[in-house]
Amino acid sequence: MAGVKISNLKKQYIVDKQRIHALKNVNLTIPDGSFTTIVGKSGCGKTTLLRLLCGLEEPTEGVIEFTCREESCKEISGKSVGIVFQESRLMPWLTVKENMAFPLFKTKSKKQADKIVEEYLHIMGLGKFKNAYPSQISGGMAQRAAVGRTLCYNPDIILMDEPFAALDYFTRNNLQEEIVKLFLSQGKTIVFITHNVEEAVYLGEKIVVLNEGQVIMEHKVPLSYPRQSNTLDFINIKEEILNTIIGNREKLNA
Amino acid sequence: MKKIIGWVIPIIIMLIWTIGSALDLWNAYIIPSPIRVAQATLRLIESGMLFRHIVVSLNRVFTGFAVAFCLAFPLGIILGMKTKLIQFFNPMLEFIRHVPPLATVPMLILWFGIGETPKIVIIVLASFFPVFLNTLNGVLCCDKKLLEVGESFGFTSGEKFYKIILPATLPYIFVGMRLGLGYSWRALIGAELVAASSGIGYMILDAQQLSRTDVVIVGILAIGILGSVIDFLLLKLTEHLITWKEGDKQRGWS
């Protein structure tokens, strides 16, 4: 198990000779075994933060430290981080089963990989479709396969970049429930990015609100799983976060 | 039904050819009748001449194409992966691409004599660019998002090549191979102009000098049929190896 400590993180891009500050001095602690949702409107730096966390980009300034629960584990490598992207990003030439085994060829024998994949095919409800190609399954199934692929990789930290954004209401609800079940059963550290405040409250133990590349709010959700979106506490938390985002936007506009 | 539609035009041409020849609508020297062509074919088969010429031509086409592939495939991969090198090679390759292989015949005879080498070189020049450009295009078009998946799982450059770039490029490579083989057949007649004493191209030129238009047509038909059969076999191999393209056509549960 592992957590993340982010200190003074900055990321700048040069676009048309102009300096764009995607992240401005972000400080954040993600405890190990926690479920953190990062919420904010488009362009607030959510995806940039996730790409920095999984090493797909280098920060301009600042430090990202991975911390371990076990004392014997002093440092964990980037390989302990797995990411589920907004799109399933399955390899079109591999079947669902082969896609889920995709990250295992380096560390596991074929027999071991098959055993792990079979287990997650069952968990993700994809047993019947294991020999189908990505073009033959629905978007929801493909996204489940992508989640399954990351789970097969067995990382200490799972990063999810709006994985359900393109899915329909019912598929999204099903997958949200499955993610909560997986979190409760496996206790992985999950960082989940979304622009949907309701989804953030439904999933996260802690909600981090990002705006204009800065953390403007950290909110602990004192609700037990599984959560009901029609309860008063749920609605209050959702309203509070929405007001923070809207209030901050009005303040910036003013 | 689709297969039958493809035969409609050849059948119409055959009918016009047969009826026109029977009614003496044109000079039998300019367009010999189908019966004369069939008789010439039978004679060439019985004497073993047609088979001998075909074997020689096939040998030249496959040797030339194999050499072209061995040069074009690695160069396409290297330039696709190291895009900075494209600028270095581009002017020279563009220059060679626009020079018709037959224009080099006099120089090739001077350099390589009148043996097999200049004939093979002409086929190499003709089939190099379809394979090279398609391979290069395949590598350049490889989805960067898929490469990021490999990167997020800690793949090395070599692993990304074998597990992502190469499979993603395969359809492009096969298209290049099909085009390259087609170009090889086209270049064959030119190659067999170079002091040849065997091969389908030689057979056609020899028949032209002897005013045997029926044999010329046998040669043209032999090249067309052989080219089509080889293309068909390559297409079947492509379908066998790239099953996920087949999957695209048979969308199942989406």
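**View 1. Salt bridges between chain A and chain B.** Four salt bridges link chain A and chain B in this predicted model, a salt bridge being a side-chain nitrogen of Lys or Arg within 4 Å of a carboxyl oxygen of Asp or Glu. One to look for pairs Arg89(A) with Glu148(B), whose closest N and O atoms are 2.8 Å apart. As for numbering, residues count from 1 along each chain as its sequence is written, and chains are lettered from A and ligands numbered from 1 in the order in which they are written. Local features need pLDDT of at least 70, side-chain atom pairs count only at pLDDT 80 or more, and totals for chains, interfaces and linings use all residues, while side-chain values use heavy atoms, with hydrogens and water left out.

**View 2. The contact between chain A and chain B.** Here 26 residues of chain A meet 24 residues of chain B, with contact meaning heavy atoms within 4.5 Å. About 2,400 Å² gets buried between the two chains, 66% of it from carbon and sulfur atoms; that is the accessible area (1.4 Å probe) that two parts lose on being put together, summed over both. Trp93(A), Ser135(A) and Gln136(A) supply 27% of what chain A buries against chain B, more than any other three residues.

**View 3. What chain A brings to chain B.** The rule picks out six residue pairs in polar contact across this interface, both residues at pLDDT 80 or more. Such a contact is a pair of N or O atoms within 3.5 Å; within protein, one must be able to donate a hydrogen and the other to accept it, and residues adjacent in sequence count only if both atoms are side-chain atoms. Strand E5 (81-84) and helix H4 (139-153) of chain A each put at least two residues into the side that touches chain B, and H4(A) has the largest share, with three residues. Helices (H or I, at least four residues) and strands (E, at least two) are DSSP runs, numbered from the N terminus.

**View 4. Domain 1 against domain 2 within chain A.** The assignment, automatic or from a database, gives domain 1 (2-76 + 156-253) and domain 2 (88-155) of chain A. Their contact takes 14 residues from domain 1 and twelve from domain 2. The two domains bury about 1,000 Å² between them, 65% of it on carbon and sulfur atoms. On the domain 1 side, Ile158(A), Glu178(A) and Leu182(A) lose the most area, together 34% of what that side buries. Salt bridges between these domains number zero, but four residue pairs are in polar contact, both at pLDDT 80 or more.
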